[in-house]
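Have a look at the model first, then follow along with me.

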Amino acid sequence: MNPLLLWFHKLGSPPYFYRFAGRWLPWLYALALISGCAGFYGALFTAPADYQQGDSFRILYVHVPCAWMSLFAYLFMAANGFVALVWRIKLSETLAMASAPIGAAFTFITLVTGSLWGKPTWGTWWTWDARLTSELVLLFLYFGVIGLYHAIEDRRQAARAAAFLALVGIVNLPIVHYSVIWWNTLHQAQTVSLLGPSKIAPSMLWPLLTLAFATHVYFFASLLARTRVALLELESGKDWVRALLPSPETGHG
Amino acid sequence: MADFFAMHGYAAYVWPAYAVFAIVLIADALTPLFARRRVLREIDSRQRRAASRKPT
C-alpha cells in the first residue's frame, strides 16, 4: 500500500488520531490567533474607509470570512457524513458531528454581523431577502443536525441519522451561494472571486484574505479539540483511554 | 484615537459586530475545554466505582 494511504488508515484509528490532534492543536490555535490579529490590524487600521459605505464596511471583515466558513463547515460536515454513511468510519462520524456546532457558531456570527451592517446601510435589521433567508435556513439545518444527534441515545446511530440529515441539507448550499445571482436581492453580489479578478482594492483585500485564512485555521483547531473530547467519550471503556488517566487503585492507596 | 473609536458615526454597528465575533468564538474555543474536564471526571469516577466493586 502506498504510504499516504497507509497514513490515512492509521489516522482513522481513534488513539492515533487523539495523539495526532493533540500534537497539532497548540500550533493551530497559535496560527489562528496570530493571523487573526494581523487581519484585524489590517481591517481596522490600514484599510481605507469605503467611499460609499464609510467605516461601516469594516463589519464585512468579520461578516464575509464567517459567511464563507458557514458554507465550508457545512461542506466538511456533509462530506464526512457521506464517508460515515458509506464506509461506517467512526472517526468520520465524530468529525461530522464536531463540525456542526462550529458551523452553527459561524452562521450565527454571519447573521448578526450582517444585521448590524444592514441597519446603517439598508435601513433595516432584517429583510426576507433570498441570501438572508437561505443563510437562516442554514442555521436551522445546523440546529437540526445537532438536535437529532442529541435526541438519539446510541451515539453511532445518532451520528448516522444526523449525517443523513446533513447530506439532505446540502441542497441549501448552492442556494445560499447563488441566491445573489438567481434572484434580485438586496444583498450585494460577490466582490471577491476565487476564479477571475476580484473587484476590490488590494489594501482592502489582504486583511479579508488573512481573516479568511485565520477562520479556516481556527475551524480546524476547534474541530480537533472537539473531536478529541468526543473520542474520549466514545471510547471511554477502551484501554487507550484508561491509560491516559491515573490508575484508580493508586487513589485508594 | 477618539476618531478611531467613533468610526465616523458607525461605532454603534462596527464594535458590536467585532464583539459578537470575539465572544462567540471564545465561547466556542472554551466549550471543548469544559467538555474535556467533564468527560475525564466521568471516566475517572466510573473507573473508581469499577475498582471498588472488584473483590480484593
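**Notes on chain A**

I began with burial: 39% of the 253 residues of chain A count as buried, where buried takes 20 or more other C-beta atoms within 10 Å of a residue's own, exposed takes 12 or fewer, and partly exposed is in between, with C-beta atoms placed from the backbone. I am reading a predicted model, in which local features need pLDDT of at least 70, side-chain atom pairs count only at pLDDT 80 or more, and totals for chains, interfaces and linings use all residues. Residues are numbered from 1 along each chain as its sequence is written, while chains are lettered from A and ligands numbered from 1 in the order in which they are written.

I then looked up the elements and found ten helices and zero strands in chain A; helices (H or I, at least four residues) and strands (E, at least two) are DSSP runs, numbered from the N terminus. The C-alpha atoms of chain A fill a box of roughly 70 × 45 × 35 Å along the principal axes.

**The helix of chain B**

Next I turned to α2(B), which has 43 residues and reaches 62 Å from its first C-alpha to its last, close to the 63 Å expected at 1.5 Å a residue (1.5 Å times one less than the number of residues). Among its buried residues I noted Ala17(B), Phe21(B) and Leu25(B). Ser52(B) lies in this helix too, at residues 11–53. I marked Ser52(B) as exposed because it has 11 C-beta neighbours inside 10 Å. Its C-alpha atom is separated by 42 Å from that of Val24(B), 28 residues apart along the chain.

**Where the chains touch**

I checked the interface: 32 residues of chain A are in contact with 24 residues of chain B, contact being C-beta atoms, placed from the backbone, within 7 Å. On the chain A side, the largest share, ten residues, comes from α4(A).

**The core**

Which residues have the most contacts inside the largest nonpolar core? I found Ile59(A), Ala73(A), Met77(A), Ala96(A), Met97(A) and Ala17(B), in a core of 71 residues. Such a core is a set of buried Ala, Val, Leu, Ile, Met, Phe, Trp, Tyr and Cys residues joined through C-beta atoms within 7 Å. The largest share of this core, 16 residues, comes from α8(A).

Last, I followed Met77(A): leaving aside neighbours within four places in sequence, Met77(A) is in contact with Ala96(A), Ser99(A), Ala100(A), Gly103(A) and Ala166(A).

Conventions. Two residues are in contact if their C-beta atoms, placed from the backbone, lie within 7 Å.
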